[in-house]
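Please follow this explanation alongside the sequence and the coordinates.

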Amino acid sequence: MCGIVGYLGKDDVISVIISGLKRLEYRGYDSCGFSVYDKKGQDLTLKTVGRVAALEKMAESLDFEAVCGIGHSRWATHGLVTEKNAHPHFDCKKEIFLVHNGIIENYKEIKKKLLERGHKFVSDTDTEVLVHLIEEFFKGNLEEAVHRALKYIKGAYAIAVISKKDPGKIVVARKSSPLVFSVEKNRAIVASDPTPILPFSDKVVFLEDDELAVLTPEGFKVFDFEKKQKIREPQVLDWTIEESEKGGFSHFMLKEIFEEPEAVENSIRGRIVLDEGIAKLGGLEMVSDKLSKIDRLILVACGTASYACMVGEYMIEENAEIPVEVDVASEFRYRNPILDKKTAFLAVSQSGETADTLAALREAKRKGLLSLGVVNMVGSSITRETEAGVYNHIGPEIAVAATKSFISQLSILALLTVFLGRQRNMSLSKGQEILGALKKLPDLMRETLKENDEKMKNLAEKYSKYRNFIFLGRKYNYPVALEGALKLKEIAFYIHAEGFPTGEIKHGPIALADENLPFFFIAPKDSVYDKVVSNMEEVRARKAPIIAITTKGNSELEKIADDVIYVPQTIEMLMPILNTIPLHLFAYYMGNILGCDVDKPRNLAKSVTVE
Ligand code: F6R
């Protein structure tokens with residue numbers, strides 16, 4: 001996730017771009033830059049590592065009367081955080097400039113061909129290939145060249161392109177990444193969200209997937225990728241700037257819950273080869289041989305990320321048949337784990353900076369283990385200190401509570417299961433079954449959100465007088481119960497919640513059951529469903545309120561539970577992804593009802609860099 005701004009008009013172009021980028025910094029902020037040109041066709045590009053304030057400082061002393069420009073605030077995906085990797089990128093002749101948000105999956109193949117044709121690259125990014133490809137097709141008409149170039153691109157993108165050889169226009173296009181623009185009163189402005197636009201206009205057009213638009217100060221034209229013009233009327237937006245940053249949601253946490261389907265899409269994009277039933281994890285390629293020889297895997301993380309690891313343990317042991325051990329990092333670092341060289345160590349962390357996870361990783365390395373990471377923050381400490389790894393590619397998670405990162409970690413662990421399994425005994429059809437189900441998951445997640453958002457809000461209202469909750473799940477859904485409980489106690493801070501494996505209740509927790517303690521049962525129609533129902537009956541007999549999450553079509557729980565939440569069917573190992581969604585919504589709405597600062601729960605920090 002990066003931030004894009006483009007501007008064409010009579011205002012101070014550089015100031016408009018810089019203030020727009022500042023508003024988009026929440027989308028990513030490891031480096032930034034802009035490219036502009038003036039009336040005479042002279043251009044200027046300025047880039048820096050760090051935040052937009054640094055770029056602003058550099059621009060203060062400039063004497064350049066720009067008429068058009070584009071800017072970008074980066075969240076690295078390909079290539080380190082360096083000035084040369086910051087956007088905008090440009091062609092060999094420095095006549096075409098481009099900013100991009102997204103991932104170009106097939107950039108390696110395209111780059112190879114462009115190098116053969118003599119193009120000179122200056123960065124390590126996937127993005128740079130696109131501007132050189134546009135250069136290949138450029139014959140004086142920018143939109144024509146962009147249109148032709150995009151035919152070769154696989155992946156996700158929102159782009160804004162300008163050229164001093166075809167001045168007075170900004171060409172924009174979108175596939176899977178957001179882009180919105182406004183053309184009014186002789187100015188055209190485009191951005192990743194409406195926040196940079198709102199100071200100028202409330203009439204905006206949200207570009208849709210597979211659309212390309214040409215913006216000039218006088219007007220705009222929108223085309224589909226077959227070059228057919230489309231009629232798009234601007235809509236009036238009554239959002240404040242703050243609401244617009246949150247995409248119209250009242251909090252980042254809710255926005256990020258609604259981004260969970262997209263998080264899975266971004267984490268699996270370009271990593272599934274369905275025909276061959278394999279997961280292509282580029283970051284593990286160089287250790288692929290070593291991984292094929294390991295006979296044990298240790299997954300280490302903290303908090304929510306450790307619950308993702310627990311699901312990963314079930315996935316990998318059941319499908320890839322490698323013994324897996326999960327440890328919370330704060331324990332791993334102080335016990336004496338017996339490790340041998342055929343064990344691999346995998347740290348899972350959204351931030352890549354969690355002190356305990358980092359210390360555990362160092363301990364594993366000291367003992368000579370192959371060290372791997374699943375991390376969201378590119379260039380973070382864990383990514384630098386592991387031998388190899390997989391990025392989540394989900395953009396920044398701003399709310400303190402981990403939501404979309406948990407879901408993304410689960411999808412990557414599913415990919416890893418196939419990666420390791422196919423190196424061993426996993427059949428082609430099993431690999432295809434898991435990957436096929438993963439591909440279908442984002443749509444099922446959207447369905448789950450749509451059907452349960454209002455329900456979970458009402459449910460939170462109904463149960464808001466309770467101060468204690470128990471969450472129960474079995475097998476794949478035991479860690480989901482832990483996640484439901486953690487999220488509730490974290491966000492709705494007067495509430496105490498605990499999670500247990502369902503089968504454990506008779507060994508203690510059932511002593512608590514009475515009408516004052518609601519029980520959440522995660523009870524999909526899976527291999528342990530009947531056992532879970534027996535436990536539910538035991539709780540019912542003690543008159544405790546029951547909320548059950550189960551598979552659509554299974555109405556029998558309505559007889560036992562007070563409230564039943566339905567989620568669609570997928571394969572058993574992926575059910576945690578669907579079952580977590582209502583629990584995240586429940587925690588959010590409960591926190592909201594209780595008046596908590598849901599994005600910044602008390603006593604908690606987003607990145608725990610101390611022990
Ligand atoms: C819970 C939460 C924490 C983090 C944990 C690990 O909502 O956010 O439990 O999951 O602190 O953080 P990372 O993944 O950054 O290592």
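In this predicted model, strand 27 covers residues 563–567, and because five of its five residues are buried, the strand is largely enclosed by the rest of the structure. Burial here means a relative accessible area under 20%. In a regular strand the side chains alternate between the two faces of the sheet. Strand 27 is covered on both faces: Asp 563, Ile 565 and Val 567 are buried on one side, and Val 564 and Tyr 566 are buried on the other. Strand 27 is paired with strand 26, residues 546–551, in the parallel sense, and five bridges link the two. Within this pairing, Ile 549 has Ile 565 of strand 27 as its bridge partner.

Strand 12, residues 211–216, is likewise a covered element, as six of its six residues are buried. Glu 211, Ala 213 and Leu 215 point one way from the strand, while Leu 212, Val 214 and Thr 216 point the other way, and all of these residues are buried. Strand 12 pairs with strand 8, residues 170–175, in the antiparallel sense over five bridges. There, Val 214 of strand 12 stands opposite Val 171. Strand 12 also pairs with strand 13, residues 219–224, again in the antiparallel sense, over six bridges. In that pairing Glu 211 faces Asp 224 of strand 13, and a hairpin of two residues connects strand 12 to strand 13.

Strand 9 (residues 180–184) and strand 10 (residues 187–191) are joined in the antiparallel sense by five bridges, and Val 180 stands opposite Ala 191 of strand 10.

Among the helices, helix 12 comprises residues 355–366. At 1.5 Å a residue, its twelve residues should span 16 Å, and the end C-alpha atoms are 16 Å apart, which agrees with that expectation. Nine of the twelve residues are buried, so helix 12 is largely enclosed by the rest of the structure. The buried residues are Ala 355, Asp 356, Thr 357, Leu 358, Ala 359, Ala 360, Leu 361, Glu 363 and Ala 364.

The ligand is surrounded by 14 residues, of which Ser 349, Gln 350, Ser 351, Thr 354 and Lys 487 are the closest. A backbone N or O atom of Gln 350 lies 2.7 Å from a ligand oxygen, and a backbone N or O atom of Ala 402 lies 2.9 Å from a ligand oxygen. For Thr 304, the distance between a polar backbone atom and an oxygen atom of the ligand is 3.1 Å. Taken alone, the ligand exposes 410 Å², and the protein buries 89% of that area. The elements that contribute two or more residues to the shell are helix 10 (303–319) and helix 16 (478–491).

Notes: Residues are numbered from 1 along each chain as its sequence is written. This is a predicted model: local features need pLDDT of at least 70, side-chain atom pairs count only at pLDDT 80 or more; totals for chains, interfaces and linings use all residues. Side-chain values use heavy atoms; hydrogens and water are left out. A residue is near a molecule or strand if one of its heavy atoms lies within 4 Å of it. A polar contact is a pair of N or O atoms within 3.5 Å; within protein, one must be able to donate a hydrogen and the other to accept it, and residues adjacent in sequence count only if both atoms are side-chain atoms. Accessible areas come from the Shrake-Rupley method with a 1.4 Å probe; for residues, only the protein chains shown count as cover. Helices (H or I, at least four residues) and strands (E, at least two) are DSSP runs, numbered from the N terminus. Buried means under 20% relative accessible area, exposed over 50%, partly exposed in between (1.4 Å probe, protein chains only). Two strands pair if DSSP finds at least two bridges between them. The expected span of a helix is 1.5 Å times one less than its number of residues.
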